[in-house]
Amino acid sequence: MKADFENGKMVKNNEIYKVIDITGLKGLIVSKTVLHPGKQTGGHKHPGQEEVYQFVHGHGRMFLDDVCTLVGPGDVVLVQDGVFHKVYNDSEVDDLVFVCVFDGSRSH
């Protein structure tokens, strides 16, 4: 099945970001985030959960606990169990777009 974000569930749509979830799998959610220029995610952690982020457009930074990593198209970041993570879009003009895969038994 091809991931169809056009028909996904809009989870958030505000001045910071747009988040669309695809919930067609039994155990996983695939979520697309469009993080607007100069904005950042709130940052969070999930005890007992892991996530995979793939960056598809733009450039920015991702923090895993206190470690900062530069991210851009093609980068994949693995978020281990219980690690605090946060994404920053350093651009003043371009959106930072990434896809996240996580356990569907929890809300993001």
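Good morning. I begin with V52, a residue that counts as partly exposed, at 34% relative accessibility. Please keep in mind that the structure before you is a predicted model.

Where does V52 sit? V52 is found in strand β4, which covers residues 51–57. Together with V76 and L78, V52 makes a nonpolar surface patch of about 260 Å².

I turn now to charged side chains. How many salt bridges does the structure hold? There is 1. In this salt bridge the side chains of D90 and R61 meet, at 3.0 Å from N to O. D90 lies in the loop between β8 (85–89) and β9 (96–103), while R61 belongs to strand β5 (residues 60–64), so the contact ties together parts that are 29 residues apart in sequence.

Are these two partners buried, exposed or partly exposed? D90 is partly exposed, with a relative accessible area of 43%. R61 also counts as partly exposed, at 26% relative accessibility.

My last topic is a pair of strands. Strand β1 (residues 9–13) and strand β2 (residues 17–22) pair in the antiparallel sense, over 4 bridges. A hairpin of 3 residues joins β1 to β2. Which residue stands opposite K18 of β2? That residue is N13.

As a general point for reading such strands, side chains in a regular strand alternate between the two faces of the sheet.

Thank you for your attention.

Key. Residues are numbered from 1 along each chain as its sequence is written. This is a predicted model: local features need pLDDT of at least 70, side-chain atom pairs count only at pLDDT 80 or more; totals for chains, interfaces and linings use all residues. Side-chain values use heavy atoms; hydrogens and water are left out. A salt bridge is a side-chain nitrogen of Lys or Arg within 4 Å of a carboxyl oxygen of Asp or Glu. Helices (H or I, at least four residues) and strands (E, at least two) are DSSP runs, numbered from the N terminus. Buried means under 20% relative accessible area, exposed over 50%, partly exposed in between (1.4 Å probe, protein chains only). Patches are made of residues with over 30% relative accessible area and no salt bridge: like charges are joined within 9 Å, nonpolar side chains (Val, Leu, Ile, Met, Phe, Trp, Tyr) within 5 Å. Accessible areas come from the Shrake-Rupley method with a 1.4 Å probe; for residues, only the protein chains shown count as cover. Two strands pair if DSSP finds at least two bridges between them.
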